[in-house]
Amino acid sequence: MVQPEAKEIGLTTVASTFERPDANSQTDEVALEIRDFKVYYETPRGTVPAVDGVSFNLKQGERFALVGESGSGKSTLAMGLMRLTRPPGHVAGGTAKLHGTELTGLTEEEMRKIRLSQMALVPQGAMNSLNPVMRVGKQVVDGIVDHLPEGEPKPSKREMTARVHELLDRVGLQPMVAQLYPHELSGGMKQRVAMAIAISLSPSVIIADEPTSALDVIVQRQIMQTLGRLQEGLNASVLLVGHDMGLVAQFADTVGVMYAGKLVEVAPVRTMFNNPIHAYPRLLIDSIPTMDAKKRLVGIPGMQPSLLNLPPGDAFAPRSPLKFKPEDALVEPKLVEVEPGHWVQLSRSSVEDFDKYAHLVDY
Ligand SMILES: Nc1ncnc2c1ncn2[C@@H]1O[C@H](COP(=O)(O)OP(=O)(O)OP(=O)(O)O)[C@@H](O)[C@H]1O
Ligand SMILES: [Mg+2]
């Protein structure tokens with residue numbers, strides 16, 4: 001496919017695809033092991049269980065996309081894993097191990113050293129969080145100096161300039177961008193700068209929260225290509241947060257779908273698209289527009305429930321298109337591995353073929 005020419009100044013090469021040439025470069029080694037992770041917000045109206053018992057493994061070299069509607073808890077999870085949750089939010093339970101090191105038990109100083117050097121976040125809206133009165137190069141340098149691992153000497157000014165230029169090159173920006181201020185850059189270029197800062201200390205895990213939102217489709221593609229190249233270059237694991245199933249499908253090895261603070265299904269990308277089991281991912285996939293004129297666009301009926309007032313049992317039941325007995329919806333569903341690598345939150349109210357899996361649960 002011929003790529004449109006990169007019109008933005010300061011941009012270097014644009015690869016032709018962001019799909020993975022060799023999806024087998026992931027290993028079975030677990031980079032990040034998340035178990036029953038909970039992040040709650042204490043508000044005057046009550047506790048908001050924004051992330052409520054999320055468990056999954058991010059393998060070394062894996063590209064894991066986390067999708068779900070606005071408000072389903074994706075950013076809250078990303079921030080919680082980075083230990084960047086701010087009051088009134090707090091990590092309310094669970095564990096998150098990075099290469100075996102339990103993150104929830106670390107001191108703030110220990111965690112600060114891990115950020116960037118081992119696990120980096122490109123936060124949601126990163127391109128708007130650059131300092132408007134500081135040149136881009138200086139912002140990259142500050143990130144490096146702040147998070148240098150213990151014992152590593154501070155690089156000389158010359159070494160630092162070379163490092164900044166190399167980082168800019170890796171995200172497809174020319175060296176001259178270091179001299180510019182954020183307002184002189186396009187949205188896509190700012191997002192690239194945020195990615196350069198995130199990879200500046202070669203982390204093994206990169207969490208990218210909606211890195212392409214507010215960008216046009218061509219720039220979205222370029223940013224995903226860049227993220228793919230960075231992931232491959234570092235053999236890093238990527239947790240990509242997004243809500244566009246179509247976009248993440250081309251990038252991810254594995255897709256996890258969140259609904260109201262919980263994972264409802266996790267599967268290898270092909271399985272997720274060919275054989276989704278839970279009603280919510282099924283509807284999300286059916287709602288992706290295609291060029292097939294015969295396909296009618298399907299929306300998801302109803303609204304996501306308020307997290308302050310979740311229905312008991314299966315939170316998706318009020319929107320489920322399936323027929324079920326009212327008492328079926330009241331059972332608290334469990335996330336169960338139905339086949340290797342394919343996890344589903346099983347409930348009679350949201351899983352059409354529930355009887356096929358009934359032997360896996362005790363309800
Ligand atoms: N500071 C806060 N105080 C109270 N509730 C909060 C706070 N921040 C987030 N929430 C609530 O937590 C829930 C999850 O929010 P979060 O930002 O994690 O969702 P998201 O999946 O990232 O959504 P989006 O796709 O819009 O980025 C929402 O219901 C939100 O209202
Ligand atoms: Mg978010």
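**Entry 1**

I began with Ala260, which lies in the loop between S9 and S10; helices (H or I, at least four residues) and strands (E, at least two) are DSSP runs, numbered from the N terminus. The model is a predicted one, where local features need pLDDT of at least 70 and side-chain atom pairs count only at pLDDT 80 or more, while totals for chains, interfaces and linings use all residues. Residues are numbered from 1 along each chain as its sequence is written, and chains are lettered from A and ligands numbered from 1 in the order in which they are written.

I looked up phi of Ala260 and found a positive value, near 45 degrees, in a residue other than glycine. Most residues other than glycine have a negative phi, and most peptide bonds are trans. Is Ala260 buried or exposed? Ala260 is buried, because 23 other C-beta atoms lie within 10 Å. (The cut-offs: buried takes 20 or more other C-beta atoms within 10 Å of the residue's own, exposed 12 or fewer, partly exposed in between, with C-beta atoms placed from the backbone.)

Glu210 sits in the loop between S7 and helix H6 (217-234). Its phi is positive too, near 45 degrees, and Glu210 counts as buried because it has 20 C-beta neighbours inside 10 Å.

I also noted a cis peptide bond from Pro87 to Pro88, with omega near 10 degrees. Pro88 belongs to the loop between H1 and strand S4 (89-98).

**Entry 1: the sheets**

I traced an open sheet of 8 strands with mixed pairing, in the order S6-S7-S8-S3-S9-S10-S12-S11; two strands pair if DSSP finds at least two bridges between them. Which strands are at its edges? They are strand S6 (119-122) and strand S11 (334-339), each pairing on one side only. From one strand to the next the twist averages 20 degrees.

Within this sheet, S3 (residues 63-67) and S9 (residues 254-259) are parallel partners over 4 bridges, and Val67 stands opposite Val257 in S9. H1 packs on the sheet, touching S3, S6, strand S7 (205-209), strand S8 (237-242) and S9; contact here means C-beta atoms, placed from the backbone, within 7 Å. The direction of H1 makes about 150 degrees with that of S7. (Axes are lines fitted to C-alpha atoms, for helices over the stretch in contact, and angles run from 0 to 180 degrees between N-to-C directions.)

The other open sheet I looked up has 4 strands in antiparallel pairing, ordered S2-S1-S4-S5. Its edges are S2 and strand S5 (101-102). S1 and S2 run antiparallel and are joined by 10 bridges, with Glu33 opposite Asn57 in S2.

**Entry 2: around ligand 1**

Which residues come nearest to ligand 1? Of the 17 around it, they are Tyr41, Ala50, Ser70, Ser75 and Thr76; a residue is near if its C-beta atom, placed from the backbone, lies within 6 Å. Strand S1 (30-43), strand S2 (46-59) and helix H1 (74-81) each give two or more residues to this shell. H1 gives the most, with 3 residues.

In H9 (residues 279-286) I found Ala279, Tyr280, Pro281, Arg282 and Leu284 buried. They pack against helix H7 (245-249), S9, strand S10 (262-268) and helix H8 (269-274).

Last, I stepped back: the protein has 10 helices and 12 strands. Of its 363 residues, 42% count as buried.

Methods: Contact = placed C-beta atoms within 7 Å.
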